Every structure is written in C-alpha cells, then in structure tokens.
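Here is a walk through one structure, step by step. Keep the model open and follow along.

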Amino acid sequence: MHIDTPKKLEQWRRDCRKRQDSLKKKILVCLGPGCLANGSDKILDEFKKVLKDKKAKDVSLEAVKKTGCHGFCAQGPMVVIEPGGIFYAKVKKSNVAEIIEKTLEKGEIIDKLLYSDPDNGHKYTDYKEIPFYRHQVRISLRNCGQIDPDNIEDYIARGGYAGLAKVLTDLRPKEVIETIKKSGLRGRGGGGFPTGRKWESCAQIEAPIRYVICNGDEGDPGAFMDRCIMEGDPHSVLEGMIICAYAVGSREGYIYVREEYPLAVINLQKAIETAREYGFLGEKILGSDLSFDIRISRGGGAFVCGESSALMKSVAGEVGEPRAKYIRSVQKGLHDQPTVLNNVETFATVPVIIDKGADWFVSIGTPKSTGTKAFSLAGKIRNTGLIEIPMGMTLREIIYNIGGGIPDGREFKAVQTGGPSGGCLPADKLDLPVDFDTLTKAGSMMGSGGMIIMDDRTCPVEVARYFLEFLVHESCGKCVPCREGLLQLYKYCTKITRGEATEADLALMERLSKTIVTASLCGLGQSGPNPFLSTVQYFRDEYLAHIRDRKCPGGVCRELIQYVINDKCTGCMACLSVCPVGAISGEKKKLHVIDQDKCDACGSCHDVCTFAAIDIK
Amino acid sequence: MNIDMNKVTEILERNPKEPGAIIAVLQDFQREFRYLPVPAMVKASELLHVPLSKVYSIATFYNAFSLTPRGEKVIRICKGTACHIKGADKILEQIEAGLKLKPGETSADMKYTVEVVNCVGACAMAPVLIVNDKYHGKVRCDQAMGKVKRG
Ligand SMILES: Cc1cc2nc3c(=O)[nH]c(=O)nc-3n(C[C@H](O)[C@H](O)[C@H](O)COP(=O)(O)O)c2cc1C
Ligand code: FES
C-alpha cells in the first residue's frame, strides 16, 4: 500500500484503529533486553502455541503481541493484558495456560502474578497505578512496551506519522523550526543544545546537500534508553528525522547505531523498509515535494564515535577521530556538508511536539529544560528499569518514589549521571531538581540518561578509577592532554585505591585535571576528569581515608580490606569452592579459615555465603 | 588458517564498491569469520581503493574487530557501570581462573574466547555474562563457570 496523501493516511489510521478495536483483548509480551534475557521469547511462543491449539473465547492469535521494553525490568519477564493494563510480573512459561484460561477467558485476576509492593504488600492490578509507573510522564517512550515494533499499523493507530502529515500540509520549513524553538526542546544526547537553533543554523547555510544524522551510539556504559527506543519504537525515530529533513531541506539521512545493539539494527532496518513501502520515505513523501531516505551505519564499538565529528568520520568509513570545534558540524559535517546531528530520544520527541504543539511541551518540565527526560535506572536500586520523568523532578523522587529506594536495607551513598563525562552526587544533593543546568552546576551532568545508584558498599574512589580506566581505553589518542593526562590521572587514582598515594598526589591530580579540561580537543577529554573531580569534591573524606589511614570506607578496594570468617560459619564449603585462588581451607561442618597471604580479596566468598559468616575488615 | 575466499568475494559483492564502505565490509568479515583474516583485508583494500595501512588502522581502532581468530564459544563479560558496581570483576576472575584465559585471549584448542564489553544495554540485570549470543543476568560468581560450560 502506498499512502500518497495526508487524507489517505487519516483514512488508514481509522482502519488501523478499527482493526485494533476488533481485538477485544490484547496480550503484550515484553521482549525488551531485560525480559528477553529471562526467557520472554519462550513465553511469547507458548502463548501462540496454546492459542493455536485451542479456541479461546474473544482471544485471537493476533491478540498476542511482542513489544519493546515496557520499563519495569526488575519485574521481568512481564506480560500486560489490555484492556485494563493487567500487569503480570515474573511470568514463567508454565503460567501461560493459566493466564489464558483465567484472565483472558473468564476475566479473573491471578493474584500470585501481580506485582506486590515490597514495603506494604499491596497488590496492584493495573500497572499505571504502580508507583514505578504512576510518577512517570512518557513522551519519547510513549510507544515502548505498547506496540509491536514490526507492525506499522500499531504505530499508526497510536497517532504515528500524524506529526509528519501536519508538517507537510500546514507548516512551512521555517515554521517547523519556529515550533521546535518555541518548544524549548534541548538535545537529549547529553549536551542539551537547543534543537531548534541547531536546525535553524543548518538550514541557513547555502549548500547543495544537507544531511540529517541520528546518534544511536549510546556510548555511556550504563544506559539503555536509546536502545529501547530504537528496538521498541523505531518509527518514532524515523518520523522525527523526516520532519527534521523537511525543516532543514535534506534528502539523505543516517542512523548511526552501536555495534552491540544488533536487534536495534534489525528493527530499524525493517522499519525503514516498511516506511519506504508506505511512502513515508523515498521520493515525494505523502505526495508532497519532500524526498528523503535513511541508511543505517553500524558503529564499531568505540565510545569516542558518539562525539559528533568522530561519528561523522566513522559514517564516512574512516577512523573515528574528532576534530577541533572551530568549524561546527552544522556548517561542515558529513562529507563537509551542513549536517544536523541529534540523539535518538531527541528525534523520537519531535513528532509529538509537532502534533500537540510547542505550548503543550513547554507546560511540562521547567522553563529552561522543557518536557521530559528518559533515564535508565540501574545499580543498587530496587526498581531497575527504564523511566521517563518531567524535567524538574528531584533526584529523591526518582530514586525513592519511582526507583523504590535502595535494596537489602543498605544506605544510599551516591547517584551517578552522565556516564564517563558526568559525576557522582551525594545524599545532600538528593533534593536537587533534575534539569540540564542544575546538574551541571552541581558538578555532574544530565548526560544521555544513565542513572546509576550506589549504596554504602560502593567506593567513590574506585568508581572514579573505573571511569578513568574506561576513558583511557576509549581515548582516540589524537590529542596529548587526553591521551597522556587521563592515563596519569588513572595511575594516580589506582595508587590511591591501593593505599600508596600521598596528599601531594591528590593535589597534583586536581591540577592535572584542570589542564586536561582546558586543553583537550573534544568532549571526551574536556569532561574526562569529571568523575574524579565530582567524587573528590563530595567524598574528599573517603579519598583521605584511603591516603592517610589506608582504609576503604566502602569496603571495596582490595589492598585495603580483609575478608575474615566469623563463627557463624557452618562449614558448608560454598565459599571454599568459589575461591578463585584457593585461599580458603576447612572441612565439611567445620569452621573455615581464609589464608590472608593467598587471599586477593575478590569478595566472591562474601557473595556466596548465606550465613553472614564473612566480615569485611 | 585457511579461509573461504568465495565468502570474501560474496561480502565484497554485496557492499558498495566505494572507500566509505570499508567499515561495513570489515564488519561483515568479522561476522563471517569471527576475525579479520589478512587475505580478506588485502582483497578489500584493493577493491575499495583504500590503502592497506588505512584498513589496518581502522581494524585496530574499533573494538568490534579482532585480528586473531576467535574460539567457538565467545564469552563476553560486561564491564559497564552497572555491572561493574554489581561485581563484574569477580565474574571475570572466576572465568579467568576457570579457563586460564585473560580478556582478548583464545584457548589453544579454539574452544573459548574471553572478552570484556562495555554495557550491552541490559543493565537492569547486572552483572551480565554473554555466552555467544545468550545473555545471562544476575550472575553470581559461583555460577559463572557453569554458564560458560553449559550455555
Ligand atoms: C565523547 C563523547 C561521546 C558522546 N556520545 C554520545 C552518544 O553516545 N549518544 C549521543 O546521542 N550523543 C553523544 N555525544 C554527544 C554528541 O556529540 C552530540 O552532541 C549529540 O549527539 C547531539 O544530539 P542532541 O543535540 O540531540 O543531544 C557524545 C559526546 C562526546 C564528546
Ligand atoms: S552495565 Fe552491563 S549491561 Fe549495562
């Protein structure tokens, strides 16, 4: 089918909705990365198999849908039954027959599969009532977990390509840019640059060719929002890019996808082909004068390629080394032509802004950071998963109301945002609102949306060392301050974690950081010292404990701690068999002993002991 | 090591014959052979008119490429932030001790290759261990070797 007028699109939308409504019940099985790893594909197959074998009342085979990430990864594999948003958590293959029989045929709720609040045991039927979901506002994630990414009709039924149709019928390119400017949308890839202004600068430059590129590199090692959007709702990214192409006058676009995300590549590729088939991509889109097509470029697994100029080199088939920023990529980007580069989430947000209007978007969030932001919550937090919140929500609200707080009765120590370019904020910053400027002022940054929670068993020095190790490995090596500076910073940081550093070393590190920040070529180096600087700013006492007392308050740094077996040991041999260096001796039902000379304090014994018989000293 | 040059030709055929396609071609080689064989790189260099030195520089720049053959089972340990703070190092140590291999190494019998990766986007189930393409989440260090052997 080829949709060649906006009117036909609306007709088709009505048909799609009718078809969707004719399915009296829908079974949504999450195939997001978390659920998939827990075997949700087998659950999906089982639903299909059981429904094929038996004729269930009001339930057809088409009612079973695979979706992208629904968000609440900690409760996966999850199954949602619509209408009613009935949310079944931690579903097993063996539950499938029962779900069909009871919930789908008889409308009964299966109590044992419902999510129950770990604090008060309250059970929720409709997922929208669960605190994890209740406090969220989903714009860029609007379709994730709700639609089958391979089925364009699902996207159309939920208002897909309406933004594009509106742009093509009602708005001139300038007006599109005005709308985006007015909406206050800022780039979701980390920097927070105003999107409308970027588009405007690109459109103003005289050039035969202009490119639109989507940054799906998601380099922050602890973030998965972009992945979930690309996998779970690929058309929203395409639609945003097509609108941008219309606004800036481009015919060619690229999506740069990270090598580690094969499913994102597959789903985007399918979406591109479908979009071409229906006339959303290619020549004369929806019968207008707009012609635009998109190609996928697979990344090579290099963090620096998320940086704009390096990314463009990589798309052109070269080594991804950044260049100095005196020429901006909106002027000379890919193949030296004006180029708009935006993040996945930024593009996914654009169609909604067009559809609902700039004023609506401005009404959400804060005056300078409008709208919402997606985050992936991970680390030492109960409700790990994918969330989207209005800008301005405080860290505390995110971590405690949505995230459910810290598990295992431990205490909050720090929250890390912005990945290797960001920083760690301590407990007394929990009431800061999350927006671009506040987080930057506090010494961290919004980043692309990784949010890692750390409890009292985390060592800020070790976390800084971890990020520095990452950056040393990922520095492209083109400029000296970054290549050599970060390496030295890493070496000193390692010295501290070993209890071998002095306070003079710490002062030297702070001086060196200043040089790296000032003199590096690209954002990688310029922000590289941030994890160190923010931890030393907020957790200086822990740095000093390592240096002066040779102690690691978090109980992490191996050279500074000892594992000792206490008399709760039952002699179960669990720790003995897991010790990778053979440092534990003992017999069954007798107290075990750790040979401190052999022990390298990896902590494996501590992790497997179920009797709290191993102390960290 | 002998490689099937027909496969090389096939891959070169299905990609555009322009210098810009070099990364895509190398990615296809990597997928097919699980490393970048020298004869394949030479052929690509000739056909796409990219100097061999540049092919080599690309091959060593990007983490996705390896210049030595990989084993039948590729064990990847995630060392992304979430996995790191949930003890990925311990998983790695178990595997290093169990297989007597360091990251990047392949066993002499070509059975196992151990690699570390930075976040595979499944942080919610940290720490993550991937055996070929199968993800294992919330891995405890005492389970790591079992998963390597079985899956
Ligand atoms: C070292 C480095 C890595 C980056 N990685 C990413 C990334 O993975 N994804 C992303 O969208 N932006 C990344 N950026 C930011 C991009 O350079 C660019 O600002 C962004 O893609 C622009 O899109 P936006 O305005 O929509 O945020 C990175 C920047 C630097 C300096
Ligand atoms: S940190 Fe390991 S999957 Fe993200």
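**Two helices side by side**

Helices α7(A) and α11(A) are roughly parallel to each other, because their axes cross at roughly 15° and angles under 35 degrees count as roughly parallel. This is a predicted model. Helix α7 of chain A covers residues 162–170, and helix α11 of chain A covers residues 234–248. Their axes come within 9 Å. The crossing in which α7(A) passes α11(A) is left-handed.

Which residues make the contact? From α7(A) come A:Gly163, A:Leu164, A:Val167 and A:Leu168. From α11(A) come A:Glu239, A:Ile242, A:Ile243 and A:Tyr246. Sorted by class, the contact of α7(A) with α11(A) has six nonpolar residues, one polar and one charged.

Now stay on α11(A) and look for another partner. Helix α12 of chain A, residues 262–278, packs with α11(A) at an angle of about 60°. The two axes are 9 Å apart. That angle makes α11(A) oblique to α12(A). The crossing of α11(A) and α12(A) is right-handed. On the α11(A) side, the contact uses A:Pro234, A:His235 and A:Leu238. On the α12(A) side, the residues are A:Asn267, A:Leu268, A:Ala271, A:Ile272 and A:Ala275. By class, the contact of α11(A) with α12(A) has six nonpolar and two polar residues, and no charged ones.

Next, step back to the domains of chain A. The domain assignment gives domain 1 (6–129), domain 2 (152–362), domain 3 (372–458), domain 4 (461–548) and domain 5 (562–616). Take domain 2 and domain 4 of chain A. Their centres, taken over C-alpha atoms, are separated by 34 Å. In chain A, 10 residues of domain 2 are in contact with eight residues of domain 4. The domain 2 side of this contact divides into seven nonpolar residues, one polar and two charged.

The shell holds 22 residues. The closest are A:Gly187, A:Gly189, A:Gly306, A:Asn343 and A:Gly523. Two elements of chain A give two or more residues to this shell: β10 (339–343) and α21 (523–527). Strand β10(A) gives the most, with three residues. By class, the shell around ligand 1 has five nonpolar, 13 polar and four charged residues.

The loop between α13 (308–315) and β10 of chain A holds A:Asp336. Here the backbone deserves a look. A:Asp336 is not a glycine, yet its phi is positive, at about 65°. Most residues other than glycine have a negative phi, and most peptide bonds are trans.

Which peptide bonds here are cis? One joins A:Gly76 and A:Pro77, with omega about -5°. A:Pro77 lies in the loop between β2 (64–67) and β3 (79–82) of chain A. Another runs from B:Ala126 to B:Pro127, with omega near -5°. B:Pro127 is found in the loop between β2 (112–117) and β3 (129–131) of chain B.

That brings us to chain B. How many helices and strands does chain B have? Chain B has seven helices and four strands. Along the sequence, its pattern reads α-α-α-α-β-α-α-β-β-β-α. The C-alpha atoms of chain B fill a box of roughly 50 × 30 × 25 Å, taken along the principal axes. Chain B is divided into domain 1 (5–61) and domain 2 (73–150). The centres of these two domains of chain B, taken over C-alpha atoms, are separated by 29 Å.

Last, see where the chains meet. In this interface, 39 residues of chain B are in contact with 43 residues of chain A. On the chain B side, the elements that give two or more residues are α2 (22–33), α4 (52–61), α5 (81–85) and α6 (88–99). The residues of chain B that touch chain A divide into 23 nonpolar, 12 polar and four charged.

Definitions and conventions: Residues are numbered from 1 along each chain as its sequence is written. Chains are lettered from A and ligands numbered from 1 in the order in which they are written. This is a predicted model: local features need pLDDT of at least 70, side-chain atom pairs count only at pLDDT 80 or more; totals for chains, interfaces and linings use all residues. Axes are lines fitted to C-alpha atoms, for helices over the stretch in contact, and angles run from 0 to 180 degrees between N-to-C directions. Angles under 35 degrees count as roughly parallel, over 145 as roughly antiparallel, 65 to 115 as roughly perpendicular and the rest as oblique. A crossing is left-handed if the near helix is turned anticlockwise from the far one by less than a right angle, and right-handed if clockwise. Two residues are in contact if their C-beta atoms, placed from the backbone, lie within 7 Å. Ala, Val, Leu, Ile, Met, Phe, Trp, Tyr, Cys and Pro count as nonpolar, Asp, Glu, Lys and Arg as charged, and the others, Gly among them, as polar. Domain bounds come from an automatic or database domain assignment. A residue is near a molecule or strand if its C-beta atom, placed from the backbone, lies within 6 Å of it.
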